[in-house]
Amino acid sequence: MSAAGDLVAQVKSLLGGDVLDSHTHVGDATVLVAVARARETLKRLRDDPSLSFNVLVDLTAVDYLGREPRFEIVYHLASLELAPPAGEPCRIRRRLRVKIQVPESPAEADSVCALWDAANWFEREVWDLYGITFRGHPDLRRILLYDAFKGHPLRKDYPKERRQPLVGPRN
Amino acid sequence: MTQSTIQRAPRPKGDLHTETQQIAMGPSHPATHGTVKIDLEIDGEEIVEMDVHIGYLHRGFEKECESGTWYQAIPYTDRLNYNSAILANLAFCMSVEKLIGCEIPRRGVWVRTLASELSRMGDHLTRLGAACLELGAMTPFLYGIEARELCWDLQEMLCGARVTSNYVRIGGIQRDVTPGFLERLASSLVRIEKLLADFDKVVTSNRIFVDRFRNTGMLPVEKLISYGVTGPMLRAAGIPLDLRKAEPYLAYDEIDFDVPIGTTGDNYDRFLVCQEELMQAIRIIRQCVPVIEKTADESVNVADPRVRWPAKERVFGRMEELIQQFKGVTEGIKVPAGEAYAAVESPNGELGFYVVSDGTGKPYKVRCRPPSFTNVAPMREMLIGGMLADIVPTFDMINMIGGECDR
């Protein structure tokens with residue numbers, strides 16, 4: 001079995017029924033976990049000594065308009081070796097993509113700010129651009145756009161040509 | 001919009017000071033290179049609270065990418081980081097190539113490696129030069145910028161543009177190295193080494209400079225990891241993470257180079273790490289040259305018209321290739337449905353692309369994982385309790401590039 005396949009098997013044996021689906025397309029290990037258990041699952045992935053996903057590399061969302069549930073939130077995790085042998089560079093032991101599916105309404109998920117500080121700004125960005133709220137986020141404000149902006153532009157039903165007060169006229 | 005968003009901190013009883021002061025720095029400030037607004041609450045010169053506002057350069061990068069073909073997204077990646085556009089081109093193309101499953105010919109890999117390091121040098125030179133300028137030292141800035149000009153001139157010889165390179169292609173590169181490039185490269189590297197030596201003499205042990213950089217902008221390693229900080233900022237704190245070593249891509253596993261690290265993680269260590277990485281980049285480039293000379297008769301692109309359209313001389317003389325080029329341009333390449341993430345070590349850290357394809361000719365989702373974004377996020381924690389004057393060197397070493405941070 002490939003390295004990604006081994007990792008998926010290991011994650012499945014740790015999380016059991018919390019893993020709803022998985023694949024290892026083009027060598028990337030991916031698991032889909034239950035949205036209600038997302039925070040708990042991610043915490044276990046972070047804290048399990050044999051996996052130790054200590055870095056939240058990326059957090060984003062994808063809008064599958066027309067599909068139910070509509071949104072996917074995608075976490076890219078990495079397990080970074082912090083104390084390599086003297087003089088050796090760090091290795092990234094493994095990478096894992098964790099996905100959860102979020103319905104259009106309520107478009108809500110649990111915040112993972114308490115697990116990784118990086119999630120704070122990432123989740124603000126997902127709220128800003130996709131309109132997904134994160135329960136338990138300490139400071140869920142828009143980050144890239146301005147407060148008076150209406151709508152969430154990365155949703156597939158937000159027209160690219162729409163203008164807003166500070167976006168300016170069409171040139 | 002100009003009103004401060006900071007919650008006022010309660011003052012301790014019996015303090016002689018009466019009130020803290022709220023000031024806004026930016027979004028366009030002469031001492032920062034990067035468009036960011038910082039709302040500050042200061043007590044005398046000490047920073048009590050700060051709130052960093054980004055987004056002033058948001059252009060809807062991801063939205064634009066979703067509306068064109070895969071090839072049409074490449075020029076947008078140029079506009080992420082103006083200093084190292086080639087690396088953004090590369091990261092995007094690598095993620096798409098991962099999805100397609102195509103292997104780049106050896107010569108293409110080595111030319112890409114050389115171009116990456118040239119790009120990295122341009123970025124580091126800007127960071128170091130501009131840091132000096134913003135602390136009031138004009139002369140070293142000019143050394144840095146002269147060296148960057150040499151890098152950009154070389155980049156212009158490679159792809160015709162000094163800044164917006166649009167150089168890397170899905171399945172190869174825009175064109176092979178041009179005649180005279182390698183000779184010009186050799187002489188430019190000698191000149192750059194001379195400039196770096198001069199720069200080093202003027203700056204590195206300069207008392208004023210060291211005092212501003214030493215012991216400022218530090219954060220414990222655990223915090224840096226938790227914030228997802230990568231690149232020279234993490235290496236300066238003693239963690240030798242470099243994707244070129246950790247997950248070797250291109251030709252890096254065949255190249256001999258060192259990963260410099262710091263000990264304290266302050267701005268001075270970040271500065272030294274970047275300085276050493278410039279020397280290592282020169283070392284890498286010099287190792288690329290013999291391979292590129294040896295493989296002069298090989299192609300830099302994959303020979304698959306579904307991925308990379310044929311060379312121009314064939315397109316203009318043959319029917320089949322003309323059709324392939326026509327289809328490649330009008331319909332775009334068809335990327336198999338699926339998702340992939342690929343990352344490169346950019347001058348600021350891990351620059352990754354998460355791409356989702358639905359099998360049509362257009363990207364369904366192009367997510368750029370910007371190192372500037374994750375590196376700016378911990379700035380608040382780095383600076384609270386520090387002095388107002390620490391903002392400038394810390395922001396310089398974070399090297400936030402608005403185009404990449406805000407996308």
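At what angle do the axes of helix 6 (residues 181-203) of chain B and helix 11 (residues 267-294) of chain B cross? Before selecting them, note that this is a predicted model, in which local features need pLDDT of at least 70, side-chain atom pairs count only at pLDDT 80 or more, and totals for chains, interfaces and linings use all residues. Residues are numbered from 1 along each chain as its sequence is written, while chains are lettered from A and ligands numbered from 1 in the order in which they are written.

**First stop: two helix pairs in chain B**

Select helix 6 and helix 11 of chain B, whose axes come within 11 Å and cross at roughly 165°; helices here are DSSP runs of H or I with at least four residues, strands are runs of E with at least two, and both are numbered from the N terminus. Axes are lines fitted to C-alpha atoms, for helices over the stretch in contact, and angles run from 0 to 180 degrees between N-to-C directions. That angle makes helix 6 of chain B roughly antiparallel to helix 11 of chain B, given that angles under 35 degrees count as roughly parallel, over 145 as roughly antiparallel, 65 to 115 as roughly perpendicular and the rest as oblique. Among the residues that meet are B:L185, B:L189 and B:I192 in helix 6 of chain B and B:L278, B:I282 and B:I285 in helix 11 of chain B, where two residues are in contact if their C-beta atoms, placed from the backbone, lie within 7 Å. The residues of this contact divide into ten nonpolar, one polar and three charged; Ala, Val, Leu, Ile, Met, Phe, Trp, Tyr, Cys and Pro count as nonpolar, Asp, Glu, Lys and Arg as charged, and the others, Gly among them, as polar.

Next, select helix 4 of chain B together with helix 16 (residues 391-398) of chain B, which pack at an angle of about 170° with their axes 9 Å apart. Helix 4 of chain B is therefore roughly antiparallel to helix 16 of chain B. Here B:R127, B:A130, B:A131 and B:E134 in helix 4 of chain B meet B:V392, B:P393, B:D396 and B:M397 in helix 16 of chain B, and by class this contact has five nonpolar, no polar and three charged residues.

**Second stop: the core and chain A**

Colour A:I73, A:L77, A:I132 and B:A91, which touch the most other members of the largest nonpolar core, a set of 174 residues. Such a core consists of buried Ala, Val, Leu, Ile, Met, Phe, Trp, Tyr and Cys residues joined through C-beta atoms within 7 Å, and a residue is buried if 20 or more other C-beta atoms lie within 10 Å of its own, exposed if 12 or fewer, and partly exposed in between. Among the contacts of A:I132, leaving aside neighbours within four places in sequence, are A:F71, A:I73, A:V102 and A:W127.

Chain A as a whole has three helices and seven strands, which follow the pattern α-β-β-α-β-β-β-β-α-β along the sequence. The C-alpha trace of chain A spans about 55 × 40 × 30 Å along its principal axes, and buried residues make up 42% of its 171 residues.

**Third stop: where the chains meet**

Show both chains together, and 40 residues of chain B can be found in contact with 32 residues of chain A. By class, the side of chain B that touches chain A has 17 nonpolar, ten polar and 13 charged residues.

Then pick A:N120, which lies in helix 3 (residues 119-130) of chain A and is buried, with 22 other C-beta atoms within 10 Å. Not counting residues up to four places away in sequence, A:N120 touches A:C113 and B:A377.

**Last stop: backbone details in chain A**

Most residues other than glycine have a negative phi, and most peptide bonds are trans. Select A:P69, in the loop between strand 3 (55-63) and strand 4 (71-80) of chain A, where the peptide bond from A:E68 to A:P69 is cis, with omega near -5°. A:P106 is found in the loop between strand 5 (92-102) and strand 6 (108-110) of chain A, and the peptide bond from A:S105 to A:P106 is cis too, with omega near 0°.

Finally, select A:V26, in the loop between strand 1 (19-23) and strand 2 (30-33) of chain A; A:V26 has a positive phi of about 40° although it is not a glycine, and is partly exposed, with 18 other C-beta atoms within 10 Å.
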